[in-house]
Amino acid sequence: FFFQAEDGIRDDLVTGVQTCALPICAALMAGSWDLPADELALFQPGVIQAMQEATGFADPVPGHNYLHAWDLARARDWTVGITLDVTVLPAQIVAFERFRHIPWPEVADRISARHARYGGHTIYDSSGVGDPLGEFLDIPLAQLEAFKFTTTSKRDAVMAAVLAGERAAVRGPARGNGIEIMWSEMGAYRWDDKNLVQDCVMAMAMACYNLDRKSTRLNSSHQ
C-alpha cells in the first residue's frame, strides 16, 4: 500500500513542495526482510535489518552521552527527532518522535524538553523555516548546533548514514513511537529523492554525520 505525504526539497537551488506517495512494503512493516536487493536503494534490506538489532527505547541513564537530531517540517511535511545514546558504539536510538501541524513555539518546547531530559548535544535543521528556531530553544549554546542543508552537506550527511548502517554503528528498535516509518523511508530512499518522503532519513543523516565527533567530544568531557 502507499503512505501519502508531502516533503519539501532540501536544496539551495530548488524551492517548493513536492507531493508524493511513499511505498511502504507490508514485509518491511512486519519486520520481514527476505526481499531482493534494489541497486538504486542506498539502504539495503539486510543493512536495515542489522540496524534493528536493539533492545528498544530507553530512559536517560546518568553518565551516558546523548546526541539529538531534529529535521524540521516545512509547510506540509513532518518534524522528526531522533536521540542516540552515543556512550559506546553501536549507538542506540533511545527516543524517536514524529509530528506535524504544531505551532513553532510548541516545536521549540518539544526539542528543548528532549534536551533537558537526556542532556548531551542537540542538532537542528536550520534550512529555510528552521533558521530562526534557534533563538526560541531553551538549550545552552555550547550544546546546540544548527545544520544547514545544502547540496554538499546533504550528500555528506546521507553518506554518513549509509556508512553507519553498513558498519552497524547505529541501531534502533524495529517498531514503536512511529519508528516503523523511518525504516520504510530508509528502504525507499534514493539519491534522486525529490519525489520521496525523507524527513526521517534526514534526521538520521544529521545524527550520523555528527556521531563520531560528537561522541568523541562528549566522552572527553566526562573524563
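Trainee: M159 first. How exposed is that residue?

Mentor: Partly exposed. In this predicted model, M159 has a relative accessible area of 32%.

Trainee: Which helix is M159 found in?

Mentor: Helix 4, which covers residues 151-166.

Trainee: And which residues make the nonpolar surface patch?

Mentor: M159, L163 and W191 make it. The patch is about 260 Å². M159 can count towards a patch because the cut-off is over 30% relative accessible area, and M159 has 32%.

Trainee: Going inside now. Which residues of the largest nonpolar core touch the most other members?

Mentor: F43, I82, L84, V170, M182 and M204. That core holds 43 residues.

Trainee: Which elements each supply at least two residues of it?

Mentor: Three strands are on the list: strand 3 (66-71), strand 4 (79-85) and strand 5 (91-99). The helices are helix 2 (45-51), helix 4, helix 5 (179-188) and helix 6 (199-221).

Trainee: Which helix gives the most to this core?

Mentor: Helix 6, with 10 residues.

Trainee: Take L84. What does it touch, leaving out residues up to four places away in sequence?

Mentor: N65, Y66, L67, A91, Q92, I93, V170, A207 and L211. V170 is also listed with L84 among the core residues that touch the most other members.

Trainee: What does the second, separate core include?

Mentor: That core has 12 residues. Among them are L72, F99, A108 and L144.

Trainee: Switching to confidence. What pLDDT does the protein chain average?

Mentor: It averages 82. Residues scoring at least 70 make up 75% of the chain.

Trainee: Where does pLDDT stay under 50?

Mentor: Over residues 1-36. The model still has 83 contacts for that stretch beyond four places in sequence. Residues 215-223 are also below 50. There the model has 12 contacts beyond near neighbours in sequence.

Trainee: Overall layout, then. How many helices and strands?

Mentor: The chain has 6 helices and 8 strands. From the N terminus on, the order is β-β-α-α-β-β-β-α-β-β-α-β-α-α.

Trainee: What share of the residues is buried?

Mentor: Buried residues are 51% of the 223 in the chain.

Trainee: And the accessible surface, what does it come to?

Mentor: About 10200 Å² for the protein chain. Carbon and sulfur atoms account for 54% of that.

Trainee: Last one. Of contacts between residues at least 6 apart in sequence, how many join residues at least 24 apart?

Mentor: 63% of them do.

Technical notes: Residues numbered from 1 in each chain as written. Predicted model: local features only at pLDDT ≥ 70, side-chain atom pairs only at ≥ 80, totals over all residues. Heavy atoms only, no water. Patch = residues over 30% accessible without salt bridge, like charges linked within 9 Å, V, L, I, M, F, W, Y side chains within 5 Å. Areas by Shrake-Rupley, 256 points an atom, 1.4 Å probe, with all protein chains shown as cover. Salt bridge = Lys/Arg side-chain N within 4 Å of Asp/Glu carboxyl O. Helix = DSSP H or I, 4+ residues; strand = E, 2+ residues; numbered from the N terminus. Buried < 20%, exposed > 50% of the residue type's maximum accessible area, 1.4 Å probe, protein only. Core = buried A, V, L, I, M, F, W, Y, C linked by side-chain atoms within 4.5 Å. Contact = heavy atoms within 4.5 Å. pLDDT = per-residue confidence, 0-100.
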